[in-house]
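Subject: Handing over a structure

Hello,

Here is the structure I promised to pass on to you. Please have a look at it first, and then read my notes below.

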Amino acid sequence: MNETSNTEKLLSVIMNLGKEMLMCGAEVNRVEDTISRLCDAYKLDNSEIFSITSLIIVTVKDNEGKRFVESRRINSYVFNFYRLEELNALSRTVCSTTPSAEDFQVMLDEIIKHSHFSKLMRLIGFVLTSGGFCLLFQGSFTDAVCAGLIAVVIFLIERLFTCLSINGMFFNFISSLFAGVGAYFFAGAIDSAHLDKIMIGNIMLLIPGLMLTNAIKDMMNGDTMAGFLRFCEALLTALAIALGFWCAMIVTGVLV
Amino acid sequence: MIENIVGIIAAVVGTVGFALMLRLRKERLPVIAVSTALCYGLYLLCIHFSVAYIGAVFIASLFAGFVSEFLAIYIKAPVTVFLTPTILPLVPGSSLYYTIEAYFQGNLDSALLHFSNLGKTIGAILLGIVFVNTIMKCIRNYKATKKPR
């Protein structure tokens, strides 16, 4: 009895780790690989792992031949590479030392607790990204400053949407809408500001680059389904950006 | 020359910002800055020696891929952590914007042109990543077969 509950606990912790990794922005392939390595390290035989972008299912057999199945549903992503790195390091440590399920869970909780990132740094990140890419695509310094100001607004929208837990697609639409209206406003108010350059700087904030690279990597690793799901997400994000900008054109066209 | 240097600095600033957005730990930022500068510098160099635009993107993407794989092995962190920021300056944000703008202004010819440019650039980037990914996989599998059991 004791043995079975231990397997169950272990499986549960491993699944928690997998879910966290997927939420932080890891490829499906990496998550499957990590789970399978962990199962091997704990000698959970015949582990069958299936994961797509929104679901992980694992079946393992303990040494008495009893089967355990667990699944995790992933509803939202919060890209957090700091946590991803820590989780990756944890899985390496666990594979070599194989602590008990309780210790493993404690270590996992510890990482989740301390791997938060300061909001100020993220705000700086938003401003630098839009300003930097505005300059990169031949914008002037004025454009970069305008793009930076709009980036602050987008950051605030993101904070608000995270609090209200509204889905990512709508966030992209609203952000793009605000970016568009803001860009029109600055381009109209300041002579030396260019609408297109400001807008490009802000689009780089929203562009689904990580999703697309992950999608292709998953597809290349033979995981066509997970890859396609992620690919569709990336396309829809781009569409949401386009629609948001279109609405901005209509809104400003009506107002001006 | 001056505008190339400004370009590289802008690329580094933007990428570091993006890395902060993705909550990358601060110790990695200098590494990302250097790899981005080299990657974008290589792209500009290719353009300077009149390599076609798509070819330059492909070469830079290959370089970014190899650098990220190397860093991932050296620092023992997932490849994504290094690859996503490094490759970002090559991502055609401007093509996406001009496609949208031209399309909604009813300028379909121009929209199609920008859209095909967008597709080609993304294709070149992805091809570079896939290429590196496959090579590294081959090396890993080869090493695995060599390992005594």
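Let me start with one pair of residues: Ile57(A) stands opposite Ser71(A) in strand E3(A). Before going further, please note that this is a predicted model, in which local features need pLDDT of at least 70, side-chain atom pairs count only at pLDDT 80 or more, and totals for chains, interfaces and linings use all residues. Residues are numbered from 1 along each chain as its sequence is written, while chains are lettered from A and ligands numbered from 1 in the order in which they are written.

**The sheet in chain A**

Helices (H or I, at least four residues) and strands (E, at least two) are DSSP runs, numbered from the N terminus. Strand E2 (residues 55-61) of chain A pairs with E3(A) in the antiparallel sense over 7 bridges; strands pair if DSSP finds at least two bridges between them. In chain A, 3 strands make an open sheet, ordered E1-E2-E3, with antiparallel pairing. E1 and E3 (67-73) of chain A are the edge strands, each pairing on one side only. From one strand to the next, the twist averages 10 degrees.

Helix H2 (residues 28-41) of chain A lies across E1 and E2 of chain A and runs at about 160 degrees to E1(A). For such angles, axes are lines fitted to C-alpha atoms, for helices over the stretch in contact, and angles run from 0 to 180 degrees between N-to-C directions.

**One residue of E1**

Ile49(A) belongs to strand E1 (residues 45-52) of chain A. It counts as partly exposed because it has 19 C-beta neighbours inside 10 Å. A residue is buried with 20 or more other C-beta atoms within 10 Å of its own, exposed with 12 or fewer, and partly exposed in between, with C-beta atoms placed from the backbone. Neighbours within four places in sequence aside, Ile49(A) is in contact with Glu32(A), Ile35(A), Ser36(A) and Val58(A); contact means that C-beta atoms, placed from the backbone, lie within 7 Å.

**Helix H8**

Of the 12 residues of H8(A), 10 are buried, so this helix is largely enclosed by the rest of the structure. Among the buried ones are Lys197(A), Gly201(A) and Leu206(A).

**Where the chains meet**

The contact takes 43 residues from chain A and 35 residues from chain B. On the side of chain B that touches chain A, H1(B) gives the most, with 11 residues.

Enjoy exploring!

Best wishes

Technical notes. Two residues are in contact if their C-beta atoms, placed from the backbone, lie within 7 Å.
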